[in-house]
Structures are given as C-alpha cells and as structure tokens.
Amino acid sequence: MLVVLSLAPGAATHALAAESAAQTSERDVATLVTDTDHYRPGTKLHVGLRLRLKPGWHTYWINPGDAGEAPTLSVQASGGASGASGAIAWPAPERLRDGPLMSYGYTGDVLLPAELQPSGTGDAPMVLKATAEWLVCAAVCVPEQGQFTLTLPAGDPAPSAEAPLFAHAASAQPVASPFAATIAPDGLLSLTGAGLTPAAVREAWFMPLTTGAIDQDADQPLKIADGTLTLALKPGDAFHAAPTLDGVLMLKDPAGETRALSIAARPGPATAAPVAPAGAPAVAMPLPAPEGAAGGPRMLLLAFAGGLILNLMPCVFPVLMMKAMALTRLAGAQTMARLAGAGAYAAGVVGAFMALGGIMLTLRAAGAVAGWGFQFQSAAFVAAVCWLLFAVALNLLGVFGMGNGIAALGGAGVTRGGYLGDAMTGVLAVLVATPCTAPFMGAAIAGALTAPAWLAMAVFIAMGAGLAAPYLVLAGVPALARHLPRPGAWMDILRQGLAFPILATCVWLMWVLALQAGATAIAVLGAGLVLVGLAAWLTGLAQGMAMRDGPARQIRLCRALALAALAVAMAMLPGLRAGRAGADAGLVASGPAGTEAFSPTRLAALRAEGRPVFVDMTAAWCISCLVNERVALSSAPVQAAFRDRHVVYMKGDWTNRDATISAFLEAHGRAGVPFYVYYAPGDAQGHVLPQILTSGLVLDALKG
C-alpha cells in the first residue's frame, strides 16, 4: 500500500528557532533546519532536510541500490535576501540488506544538508521555502513529500541549536581518498598507498555512486598487504557507464571504527599482485609473472593469424589493388630488388601497427577510453584519408606520375626505387584496415591492452607481421615470383582500372563523414577534393613541361601552386568535428523497424524484465559490420525470428567516440567492432557471436 504525504505551504509557517514546524506521519517526522539562527548576505549557511525515522523504517542515499529512490531537496530564499540551495552533501550511508537485494540508505535521525549563500540587502528577515520528496521503506515503501517554511532574521550568524546535527553530518561525509585507485575490466578494485596494512584495515566495502555499476548484493572479497588493498567487485550492466568508477569506500579498523573515502577509480590492469587475505600478516614473496605474460605465446599467435586474415578483409581492398600493381612490377625484378621493396612495405606495416598500439597504450595509461579503429572516429582523419585515396586514384589514372600511387606523397624526394612509397603503402594499409577487426584479432588486441607494455607492443608487431607476410613470401620465394604475370602494355589498363575501386572507397568515406559531422563537413570535404585535384593537375602539368624541357620558372610556379592548394586543404581539417546527432540518426535509423539505440540503463531494464535483447555494436567506417548487417541481421529469416521471439534489437553506433560503447566492449574483452551479444531471458552472461555472421549463426544463437 502506497501513501503520499503532501502538506500545503500554509501548514508549516511557524518557525521554531532554526527548525521549521514538523510534518509528521506514522513513519517519520520531517523538518527543515539551518545551522544558524541569523543570516548575513554573502555568508554561507547550511540548510537541511531532517528526517526522524521511526524504528524499522529507512530512506535512501544518492544511489539507492537495488531498490528505492534518492531524496530530493530544493530550498529558495526570499525577503531580505535571495538564493537557492546547492546539491545535497550526502553522508555515507548504511548497507541495508533485504533478502537478495542490497540497498544504501539511512535509519534513525537523518540530516541531508546543502549549502545556501544568500545575497541581498539584509535589512529584512529572510524566508526559506523548501520542497522535498523522499521515500521511506519497511515492509512497504511510502513516497512522501512536503513543503516547509523557515524565517531567519538578519544579523550576525551564530550557531543554532541544530548546528551539532550539521557537524555530525559533515563528519559522516566521505573525504577524498589519499590512495591511488584503479578498477580492472574484471571488477578488481585496487588501492595503493601508505597506511593500507592488515593492522589498520579489518573490513572494507565499496558503494558506487551509479546504480547498477556493480552487483551490490555480491560478496566483495578483500585482500590486503602493506601498501595494497583489493576488493573483488562483480561488474553490473552500468559498470563502464563512465570513464571512472566513482563511489565511497568504507574502511573499518580492528577497533570497529569506520571511515568513508570518496574514490574515483581509473581503468587499470585486469590482474593485481597477490596479497595476503585480510587479517593475515603481510609476507614478502616474489611476484609471479603477470597473467597476460603467461598467455603471451597464444596472444602472439592469434595476432599473427589476425594479421594474415586482415589481408582478406574488405577494408583493405583498395590497398590490395595497389599492391597487385606492385606484384606485377616484381615479376621482372632481381631478387634483391624484390626483397628490398617488400621489406620497405613490411616496415611500413609494422611501424604503423606499433605507432597505433603506442597511442592506444598511452591513452589507456592516461585514463582515456580508446578502442581499435579509434582513428576513424576523427572526422578530420576520415577526410584526410579520403583526400589521400583520391590523390592515389588520380595518380593511377595518369593525371600525374610519381611511381606507384602512394609514392606520390613523397614528391620529388621519393628515390631508391620507390622504397619510401612502398613503406607508405604499408602505413596506409594499416590505417584503412584497422576498422575491420579480424576474427582472431579482437581477442589479441583486448589481451594486449591489459598485458605488460612490452607484450602489448609484441602483439601489435605480430599483427603487422601477419599482414605483411604474404607479400614477403611472394617477394622472397623465386618459384612463386616466376608465376607472376610478366610486365606488358596490359599493365597500363590494369593500373587505370584499379583507380575505380579506390574512388568507390572515397564515396564510402564521404558517407562515413556525413554520419559523423553532417552536411557542412561534406562541403569541406568536397572543397578539399577540388584542391587535391587541382594540386594533382598542376603537378602533372609541371611534370609534362619538365619532360619537354619547358621553362623552369613555369615548372616551379606549378609546383608552388600545387603545394599551396594542398596547404589550403590541410588547413581546413582542424575545423572538422564529429558530432553524435548525425551518427545516431544514421546507423540506428538504418536498422530494422523497432531498432533501439544502445543504452546500458535501457539494456539493464530490459534484462530485468526478462526480455531477450540482441546487441549490435557497429560503426559506419566498419565494412565488415555493414556486410554482416546486410547478409545476416537484415535477412528475412533473422528478422522473422526477432519478431516471433520478441527480441529487442539494440544497436550501438561507435562511428564517433563514445566512452559508453568503448567501456561495454572492454568489459567483454573486445577492443573493436563488429561485436554481437545475445541476452536470452535469464542469461546473466550473454552469448557472444562471431565477428563474421551468417543467418544460420544468428538463428542458432536465438534458439539457445
């Protein structure tokens, strides 16, 4: 039975010192109180909702836990001064267990304080009017609300009779933690710092500020040694809803005294150094190798296999076309020349993987959330790659010439048989390939990001070696090289034909940019394409004049104008900014009818209701994602199965940076998209599907 208590303003206008008239129910007595009986403009005072709860009743904290609702308080000042109260300064709550549920709240005499700074002339009494709502629970829960009025005269502030209540509430508020705190993807909360010893801490528990961040009813095993404390938390659906895990850590010493620490745990490694159980003496012991290091050979093998498979992914198609041209040129070359060109290409591939891996590790160390393919979440990067591929296509079409397509970037400085161009081809292969995470590659990357830095870099090097391996084998094995087609006039036709899949890639990148940053960005992209085309034409014009021994001044002028056109195009890049609106409207709207945008809160609610949910993590720049959607997820049998089973299809759009989606991927041990997971009713873990889908795989998952 639910009852709402609502009292009119006129029912509480009588002031009792610094406490309003009481509003009383069978469950509690509520008043508005202040810590001073006078006020002065410009001098802060404290106001608070005081609840004297009857035995057996409780109210709730900012995070009520598995059930409940947080109180609200709004105080407005008028008369001799004006002002409004700030947020409630929440005292540390109690843990309130009710069967399988855990709530956070208060019992007994409770004060929920807030600050108010009056401003005005101060020549008349100040009237405080407050509106509050709170929920009290015992065997039943009763929502209550009230309006309160309290009048303070102007004068020198002095502590009121209620001031000790505020002092007690302040002493119960969490203080900033002096310890460094990290949270691992598996829920291991770690604190380090002086004073953390078995002799100082007997018990510890953590209460998050965000509802659903952890399983609040689950045990939190404590381990502690000198300088290190860990709590094994069980992640909830909102575990990665924010870049840090914020909350209150309660520490109890052997004497039973507790202190509350406010912490913001940043992402950290998935494992921690072993420590002694709480209450046991700290014993010095050699530290074993991290778990990630023990699985190093497997991760390296998966990374190499992922790199090999990446050669077959659609993201790499334009670059494979350019390498096809390079392979035909190798047919008539000497072995050393072939090996040198292949080595330069491999160096570019491996170097680019190392650079991307280093950036990701640096961002993770700084607490940022970055996933594989993060560079395509930058609108400026997408535009720059589009312009680059457009220039390559113009080169292949003969508008200008500088060796192979990528060597054109080096201009006149490309020498030594185009080795710099080979290396830059390898760099571009990595940049456009990373959005499509190969089946074995996702696990390797996710493992690398939680492994020691040296092992992580080894994983990225192994991926680069896998991507470059087929080209190295073709270049290094003469028997294979003899089967390559011989150079001839047909190569000019092939070279020009290869420009068109690259131009098609430019169209795809234009679509990605439209989803990321809208129509204005497309105008900037188009202007850049015109400037790149102008620079290519001027370069070709200068080359033609140079071949005909034309005037040197005109040749220099054409080259200078070409560089100026490119400089203008590059100057437009910083103005491109990705925005969420376009991406959300694009990819979510492109799904079947009833497709919902991914939300951890919504996912948790659906699962609590027992609804089946299919989560599709995708991005506009991920070709594998789009192919999976067309071939499998949008197929008639799969859509019919979704309807028949009342499956909620939830799509997460990672086209732009999104910390919530990055955290969801990380929580499932993934670092990129595509990623698919099906939550059947009652399935706590969910069923993760392969990254390359067929209709049959999806239907099998739905059948359980």
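This is a predicted model: local features need pLDDT of at least 70, side-chain atom pairs count only at pLDDT 80 or more; totals for chains, interfaces and linings use all residues.
Two strands pair if DSSP finds at least two bridges between them. Two bridges join β7 to β8, and the strands run antiparallel. The count of two reaches the cut-off, so β7 and β8 qualify as a pair. Within β8, A84 stands opposite Q76.

β7 and β8 belong to an open sheet of four strands. Its order is β8-β7-β12-β13, and the pairing is antiparallel. Which strands form the edges? They are β8 (83-84) and β13 (141-152), and each pairs on one side only. Strands of a sheet pair through backbone hydrogen bonds, either parallel or antiparallel.

## The whole chain

The protein has 704 residues, and 49% of them count as buried.

How far apart in sequence are the residues that touch? Take the contacts between residues at least 6 apart in sequence: 74% of them join residues at least 24 apart.

Strand β5 (residues 45-53) pairs with β11 in the antiparallel sense, over eight bridges. Strand β11 (residues 109-116) is mostly covered. Six of its eight residues are buried.

Strand β18 (residues 222-225) and strand β19 (residues 228-232) also pair in the antiparallel sense, here over four bridges. L222 has L231 in β19 as its bridge partner. β18 and β19 make a hairpin with two residues between the strands. In this hairpin, G227 takes a positive phi near 85°.

L229 sits in strand β19. Is L229 buried or exposed? L229 is buried, because its relative accessible area is 0%, and buried means under 20%.

What surrounds L229? Leaving aside neighbours within four places in sequence, its contacts include L189, L191, L196, V201 and L251. L222, K223 and I224 also touch L229. T197 lies 32 residues from L229 along the chain, yet their C-alpha atoms are separated by 8.1 Å.

In soluble globular proteins, nonpolar side chains tend to be buried together. The largest nonpolar core in this model has 90 residues. Helix α6 (residues 379-396) gives the largest share of this core, 16 residues. Which residues have the most contacts inside this core? They are F598, L603, V615, M617, W621, F664 and V673.

Take M617 as an example. Residues up to four places away in sequence are not counted here. Even so, M617 touches F598, C625, G652, I661, F664, L665, V673, P674 and F675. A second, separate core has 39 residues. Among them are Y39, L49, Y104 and W205.

## A kinked helix

Helix α9 (residues 453-476) has 24 residues. From first C-alpha to last, α9 reaches 32 Å, close to the 34 Å expected at 1.5 Å a residue. Where does α9 bend? A kink of about 45° lies at A468, shortly before the proline P470.

Conventions. Residues are numbered from 1 along each chain as its sequence is written. Side-chain values use heavy atoms; hydrogens and water are left out. Buried means under 20% relative accessible area, exposed over 50%, partly exposed in between (1.4 Å probe, protein chains only). Contact means heavy atoms within 4.5 Å. The expected span of a helix is 1.5 Å times one less than its number of residues. The bend at a residue is the angle between axes fitted to the seven residues ending there and the seven starting there. A nonpolar core is a set of buried Ala, Val, Leu, Ile, Met, Phe, Trp, Tyr and Cys residues joined through side-chain atoms within 4.5 Å.
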